[in-house]
Amino acid sequence: MVHIGQLIKQTLKQRRKSVVWFAGELSCSRTNVYKIFSKQSIDTGDLMRISRILEFDFFEVFSKDLLKKA
């Protein structure tokens, strides 16, 4: 199973964006960003917003994981 919080953290690092920048884009505190990083799962609406901000299709990762287990 994909740990979405860790994947978001990794993608943010690959994009060379800071937690402060990400918090600003999400209109939340840095504390909430760190809470996102610790989540095993996330609301699809939130994931869509994060996908747009980071310009990365997190849903595709889940689709590929689903196909591997089929």
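How many salt bridges does the count come to in this structure? The model is a predicted one, and in it the count comes to 1 salt bridge.

Side chains of opposite charge can pair when their charged atoms come close. Because Lys64 and Glu60 lie 4 residues apart in helix H5, which spans residues 58-69, they are separated by about one helical turn. Glu60 has a relative accessibility of 39%, so Glu60 counts as partly exposed.

The buried residues of H1 are Ile4, Gly5, Leu7, Ile8, Thr11 and Leu12. When the helix is viewed down its axis, the buried residues of H1 fall within an arc of 160°, and they therefore line one face of H1. An α-helix has 3.6 residues a turn, so residues three or four places apart point the same way.

On the face of H1 that is turned away from the buried side, the exposed residues are Lys13 and Gln14. After H1 comes Arg16, whose phi is positive, near 60°.

## Helix H2 and what covers it

In helix H2, which runs over residues 19-26, the buried residues are Val19, Phe22, Ala23 and Leu26. These residues cover an arc of only 100° around the axis, which means that they sit on the same side of H2. The face turned away from that buried side carries Val20 and Gly24, which are exposed, and H2 is followed by Ser27, which has a positive phi, near 55°.

What covers the buried residues of H2 includes helix H1 (4-14), helix H3 (30-38) and H4. Phe22 gives a detailed view of these surroundings: leaving aside its neighbours within four places in sequence, Phe22 is in contact with Ile8, Leu12, Val33, Phe37, Ile50, Ile53 and Leu54.

## The nonpolar core

The largest nonpolar core has 18 residues, and among its members Ile8, Phe22, Ile50, Leu54 and Phe58 touch the most other members. The elements that give two or more residues to this core are H1, H2, H3 and H4.

Apart from its neighbours within four places in sequence, Ser51 is in contact with Phe56, Asp57, Phe58 and Phe59.

Methods. Residues are numbered from 1 along each chain as its sequence is written. This is a predicted model: local features need pLDDT of at least 70, side-chain atom pairs count only at pLDDT 80 or more; totals for chains, interfaces and linings use all residues. Side-chain values use heavy atoms; hydrogens and water are left out. Contact means heavy atoms within 4.5 Å. Buried means under 20% relative accessible area, exposed over 50%, partly exposed in between (1.4 Å probe, protein chains only). The arc is that of the directions from the helix axis to the C-beta atoms. A nonpolar core is a set of buried Ala, Val, Leu, Ile, Met, Phe, Trp, Tyr and Cys residues joined through side-chain atoms within 4.5 Å. A salt bridge is a side-chain nitrogen of Lys or Arg within 4 Å of a carboxyl oxygen of Asp or Glu.
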